[in-house]
Each structure stands twice: as C-alpha cells, then as structure tokens.
Amino acid sequence: MQLAVYLKLFIIFLHTGFIATILLASSATANENITNMANIQELIESHEFDKAVERTLNNKNHYLYELINKATALELESHPVWRTLLHYKASLIHHTISQVDGTDYFNSQNGKTNSQSELIATLASFFSTTKIKDIDMTPQCRFPARFYWLNKQLNFDPTKLAKQDCKKFKYFSQALDANAVTVVFPSAHPNSPSSMFGHTLLRFDRKGQTNKTRMLAYSANYAAEINSTNEFAYAYKGLTGGFIGKFSIIPYYMKLREYSQMESRSIWEYQLNLTPSQVDFIVMHTFELEITHFDYYFFTENCSYHLLSLIEVAIPELKLTDHFNGAVVPINTIKLLDKHNLISKKEYYPSNRQLIKNRRNDMAKEKFSLAIEISKDTNKINSKELSKYNEAEQATIFDMAYDLNRFNKIQSTGELDSKINNSQRKLLIARSSLKVKTPSVKIDEPSTYPDEGHGTTRITFGGGTIEKSQYASFGFRLAYHGILDPTEGYSPNSQIQFFSLKARYHTSTSSYQLAQLDIIDILSLEPRDSFFQDISWRINTGISSTSTKTTTNNLVYTVNGGPGLTYSANFLNNTYIYSFLESELNHSQIYDTQLQALAGLSAGFLTNLTAYWKIHAYAKLLGHINNRDANVSDVYTIALEQSFSIAKDISVHFQLSQDKLYLGKVSTSELSVNYYF
Amino acid sequence: MNIIVKSAALFFAVSAISSASFAGEGSGCGLGQTVFKGQSGLMPNILAATTNSTSGNQTFGLTSGTLGCNAEAVVKNDSQREIFVAANLDNLSQEMAQGHGDHLASLATIMNVEPKDEAAFYSLAQNEFGNIFKSNTVDANHIMASLDSAMLQNQDLAKYIQ
C-alpha cells in the first residue's frame, strides 16, 4: 500500500512538472503539497471528481488547476459545443438542465444541472487512468468527443495530461468508417399505423460505398426500450417519459429489412452536407450517447428530436433542437435541415411492396396469376403452363413467385426470419438453371419528396350555413394529414389527424359554439387486388355538437371505427371505393340512456380528379343497439366534400352534408380556406 | 376539459379491447441471431407513431463474443460475413439464383472480391446454386462453406478464400 502511494506520488511529480518548485520549498510545505497532490490523484482515480476539484482549487501546482482557470477564462461552460455535447437546455428551476437522464453521463454530482461543475469535473476525469466499472473504459475514452473538443480549446500539455489509447472507440470508428452521414426517413405506410408519422435514423456512409453496397453501412437509431406489456401503462409511460430511450448501432441492412420488407415503408435518404471533421465529431458523440440514455417522450423528445440533437453537436450554431417546442413530427426535422441547406443528396428506396407493384405493372396478367399460383405451391414450377413461355419470361415468373412467397411469409409471421424453407429452395434452384438476368424494374419514384409536402399543422377559416343559420368557422389541427389535404409528399389514401378543433360563430345569435374536437382521426384505405388483400380501417374519437344550439348540453363524445374493404378503380388514377363496418359509442347528457351503442355500414368514393382537385363522397347508416325504443330511429350521414389545392400550403375545401341525428336532421354547407405550416 | 378526459378514456378503453397482446420481448443475443417482432394492437401502433419504439431496439439482437448486446454493438470484422448472410439469407439466396443483386454485391464487398472478379463471382453463385443449396437444411454456415469450396475450385476466385 505504502509503495503504491509513493509510486503514485512519483508519477504525479513527473506529470505536474513541479518537482523543482517542491524541492526548493521548505520540507514542511513540500510534505503538505505531496500529500495534497496524492490526495487529488487518489480522488481522481476513485472517480470522485468534485472532491478532487475542491482540493485542486487550493493547489496551484496541479495541472488541473491551470486547466480549470483557462477553461473558466474562456467561458467554455457556456460554449455552444459544450452545451450541445451535454444536451443542456434552459430550465426555469435549474437555470440549465441536461436532457440526458443516465447518471453515467455526468462526471460531476451536479452535472445534470450545472454546466460549469460538469466541465471542471470532466477536466479532472481526464487525469484518471482507472476504468469505469461495467463499461471497462477510462473517463477519457468514454467521452471521446468531450476530450477531442476540450483538447482543441485548451491544448493539453501531453507531458502533464497524456492522451490515452482508446481501443474501444478506435474499433468503433474503424467499423463505422464514416465519411458522410445520411438522415434516413422511412416514410409512412397507410396500413402500418405505427409508421404514420414516419421515423428518422442516421446512417454512417462509408468510403467507397455505392447504392448497391450502402446496406453494409452502420446506422444509429434512437428508440424507446419498451418494458411494459400493459397498454394503459404503455400509453401513460410513453407520454410521461416512463420509458428509457437509447441510441443503438445497427447494420443498415437490418433497417432496410425492417422498413422495406416487413413494414412496407418506402425510404428516403437525405445525405448531409458536412465536412469530414464534422462527421468525425458526430461519430465521437454517437459513441458517447450510445452508452447512456434519455427519458423517452412520444411527442417531444422522440426519435427525430434526439437524432437532431446528435447531429447538432457538429453544427451547434444553428440551434436545431431549439426550433421545436412542442411535438416533433419527423419530417419537420428534415425540412429544418433542408432550410439550412444541409442536404446535399436525396435518394429513394422503394418498399418491397412498391417494388412488387412496379414489377407487376411490367408483366402480363396471366404471368402474374401464374406467379401467384407458384408462390402458393412451388410444385407448380413443373406445370405445363410454363412451357409456353421462353426462358426470360419463365425467369420473370419465378422471380415474382419468390417475391410474393417471401412477402407472404414475412407478413403472415410478422417476423423477419431470413431462413428459407424447402419449397423456396426448390423454386430458387429452378430459377438458377435459367441463365438470364432479371430485367431491372422501372421504379415509379414519387414526383414529390416527403419534405416537399404541405406543413403538418393546419389552420382553417371559413363560413357556412347550418339549418339556415349562418356562421363563420375557425379550425386548428395540430397534425398531420387529412384525406382532403394536398396529396403531394403524402400517401393519397390515408389520413392521420391529431387534435383537430373546429369552432363556429353564429351571426344570428352572436354566439360561439364548439362544433367538433377530434382527438384522433385515422383512416386507412388500402386497396385490395389479386395479391394484396389488406383490410382497411378507421378510428375516430372526439367531441361533436349535435345541433345549432350553443349550450354545452348537446355535446356528444364519440368513439367510432371499424374494418373495411377498399378497391382501387381502374378508370381513374388514385381513385378508391370503400366500405366499412361501423361501430360507435356515444355519450351525452341529451340521451335518456347516456350511453348509446350503434352499429352499421358506411361506403364512400375518393378520387383525385387532377393533382389539385379531390372529391370525397360518403354515406353512413347506423342503428341503435342498446335502445330499441320506437321513438329512437336510425341515424345517417351523407356528405360530399371537395378540395382544391391552390398552392403547396393552401387549399380550399367545400363541404355539403346532411346528418340525421338523435335530435333530428341537420344540413350543413361550408366553404373554407386552409393554410398549412 | 372533463369532456376531453372522458373521450380520451373511452378511446383508450376501446383500443385496449381491440388490441392483441403486445410484443415486448427482448431481442436476445446470440451469434447471427436476429429477432424481429411484429407489433400488434392499436395502442402501441398509434403511440409508436413517432417512436418506432418496438421495432427499434428489440428487433435486432446479435452478438459476436465480446461485442454486441452492449454499448459498442458493432460487428467484429471476422464475423461480419456470417452475420450478414444469416440476416439476409432469403434475399441473398434469391440473388445468388439470379446471378446479380445488391445483397450479392454486398457479399462480394465483404469478401473483398475485386471489381474485375465480380462477374466471375456472380456467375459462380448462379452456376453452383444447385450444389450449394443441395441439402434440405440450408443454414448460413452450410451455405458459406459450400460457396467457399466452390470458389476454391475456381482459378479467379480461389484467392479470396483463406
């Protein structure tokens, strides 16, 4: 033990370079100094950085003292890079607070709320050669971005503070081999509601990477770690930060499988316009973040927010994350990057479903039917029907058959198991005997990229009549896309609306009225055909007014929804005909029974007559289940809605409807102007 | 406000009823093991809207001895091929049978096949497909071993097999 202490003392002497001074001083002072120095180093090695700093402030001989002074003089604690590296945000209570929630992320006990003590403690930690338990790294190696940046600011004297050899980080950065980064946006797919807002992740592009081999790149993905199987807990925790959010490093081919093959989501890749040193700095910070965690908030501190906070360290002056105060819709983070001219290249990667549809368009109908048959029963590879086709045609049929078979396998199991079974094997052996290339498929790239679509928040001004009473109307929708909104950049056959409010001002009575408040309103119209047999669905919940009367007594809160079938009409582009089974629960004071249960049918027609003109017509008929009173008749709605896109962010809607409700018939007509931002 | 709370409660109730069980299992670790869990249930779906929560961390788990399943989950170079093949077997097999494709090109990259030998590599994959996939049990290791021995027989490609 004694020996160890002396050894450490000796090392400290060498490091601090104050041997001469100490020799000249009186022996008493020297002893005091020696003890003090030893204590500081001991505290540092036991990772008690705050205490070590406290001691250092009384010991000008330690190099740390000099560094602290220098850093304080430069006000590094409020430097934008330091603040983004620590994810500090202004806070009312603490003045400043870090969004990182893993305590391992802070060297100082007060690091979460005190930028300066974290900075000083971090400087102290760099002197430690003791590894942090569990992660087997010294503090210097655990925080490569902090060390790199502070070294640049303070020019560490290598004889007094040695740069350590960090094997793990070296391995990490060599494996990533990044010379560019790409923000990847898996867009929404209508029948995969979890994808409706999209998602973003970051890909580290390697040197020499091509479009063919980009799948070998690594990607950083921020996601919540779900540890609850209870749905109520899931909802509650998700909204209140009850889940832990973590970055993970995943080969990009796994993400492609997940989005393109399993979830049928097309992917948009936005390469960023960053310098190699900015990319290196992001890699360093990715390493730092991957070890710790945040609290996950579904709407605010979500995947896209923290991806932005990762990119932000390279460009702190743009204050990217400060741009978002409320909910973060992933596509809006891309729009923000674009606004700052940070996007250098855009690429489209179609979903597997889209690829199959494109290939099918290049194929005669009988060949496609044959491919479906073979996909269901691979023994049909020997069928006579095939012999009338030449080798190239047979190859196309086999390729399609395998695509369909794999698609069905993934969809039916809900798992992306990559194993191939015996029938797939036989099919592929038959294909391999045909020595022809699969013709490359013409990919229908959407004309508008998702970042070029309308804004996700909407305000509406309009006017109309309801039962001959005239009104002015005002609407606000928090997010995201309605079926009548401009289609460009969005899916033409789905809507997802969160918090959509509509109020009326009746001119005759000079009174205000809450007409409607939809909390969630989702509609997915997924057309069926000979191969894709998706079920469409809709769900809506919110409050609506039953009449023109402005008392709150006639408000009804409703939950309704149901499954449906959609077919796409051949005679017009983007035209859908659908029918749904409807079920509805209503609660209101106006009912005798307070709670009403209804069930029925609806049918509709949606068409994009031109790129700028949409028509949506529908009818709904519902009967009461729990109230068979003769006085209570069925209810229905018929509506005709049209919309005209005037500009990317402006549309005009014209709606006519008749509702037969509990209290009688109500006819409404309304003209409104919508602005998206 | 009360009305909003009640509607929200109603909505949650309905979606809870309509939901199937939620796949919240961990990914598990193990060489080349990949776990993708589908998610069902409306509530996870809707609330996962911006999170990608269930398909993020839990869908992919792999380890290669000292790495994986921990902080520095990057794949070791020497097991990169094995993991790539195991994770993409369905796509890769198809492209081997076709004699071209992105996965096959990526495999060539992992195996350091030089551009001048790529064409030979692609045709070998297609020509030898029947031999490589002869057995009923086609796992990644088996396929790679068969591919290796086929390449050893080829004068252009033998040099890529150590």
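**Before you click**

This is a predicted model, in which local features need pLDDT of at least 70, side-chain atom pairs count only at pLDDT 80 or more, and totals for chains, interfaces and linings use all residues. Residues are numbered from 1 along each chain as its sequence is written, while chains are lettered from A and ligands numbered from 1 in the order in which they are written.

**Stop 1: all of chain A**

Select chain A and zoom out: its C-alpha atoms fill a box of roughly 105 × 80 × 45 Å along the principal axes. Colour by secondary structure and you are looking at 19 helices and 22 strands; these are DSSP runs numbered from the N terminus, with helices being H or I of at least four residues and strands E of at least two. Of the 677 residues, 46% count as buried, meaning that 20 or more other C-beta atoms lie within 10 Å of the residue's own; 12 or fewer is exposed, in between is partly exposed, and the C-beta atoms are placed from the backbone. Contacts here are pairs whose C-beta atoms, placed from the backbone, lie within 7 Å. Among chain A contacts with a separation of 6 or more, 64% join residues 24 or more positions apart.

**Stop 2: the seven-stranded sheet**

Next, pick out the strands in the order S8-S6-S5-S4-S3-S7-S9 of chain A: they form an open, antiparallel sheet. Two strands pair if DSSP finds at least two bridges between them. The edges are S8 (294-296) and S9 (343-349) of chain A, each pairing on one side only. Look along the sheet and you'll see the twist, which averages 35 degrees from one strand to the next.

Now zoom in on S3 (178-186) and S7 (267-272) of chain A, an antiparallel pair held over five bridges. Which residue of S7(A) is the bridge partner of A:Val184? Select A:Glu269 and you have found the partner.

**Stop 3**

Show H12 (252-262) of chain A. This helix lies across S3, S4, S5, S6, S7 and S9 of chain A, at about 110 degrees to S6(A). Angles run from 0 to 180 degrees between N-to-C directions, and axes are lines fitted to C-alpha atoms, for helices over the stretch in contact. How many of the eleven residues of H12(A) are buried? Eleven, including A:Lys255, A:Arg257 and A:Glu258. Just past the helix, stop at A:Ser264, where phi is positive at about 55 degrees.

After H15(A) comes A:Asn341, with a positive phi near 55 degrees.

**Stop 4: H17, H18 and H19**

Two packed helices are described by the angle between their axes and the distance between the axes. Select H17 (365-376) and H18 (391-413) of chain A: their axes are 8 Å apart at an angle of about 50 degrees. That makes H17(A) oblique to H18(A); under 35 degrees would be roughly parallel, over 145 roughly antiparallel, 65 to 115 roughly perpendicular, and the rest is oblique. Display side chains at the contact, including A:Phe368 and A:Ile372 of H17(A) with A:Ile397 and A:Met400 of H18(A).

The axes of H18(A) and H19(A) come within 10 Å and cross at roughly 160 degrees. So H18(A) is roughly antiparallel to H19(A). Residues making this contact include A:Phe398 and A:Tyr402 of H18(A), and A:Leu427 and A:Leu428 of H19(A).

**Stop 5: chain B**

Switch to chain B, with nine helices and two strands in the pattern α-α-α-β-β-α-α-α-α-α-α. Of its 162 residues, 48% are buried.

Finish at B:Ala150 in H9 (140-152) of chain B. Buried or partly exposed? B:Ala150 is partly exposed, because 18 C-beta neighbours lie inside 10 Å. Leaving out residues up to four places away in sequence, B:Ala150 touches B:Leu124, B:Glu128, B:Asn131 and B:Ile132.

Technical notes. Two residues are in contact if their C-beta atoms, placed from the backbone, lie within 7 Å.
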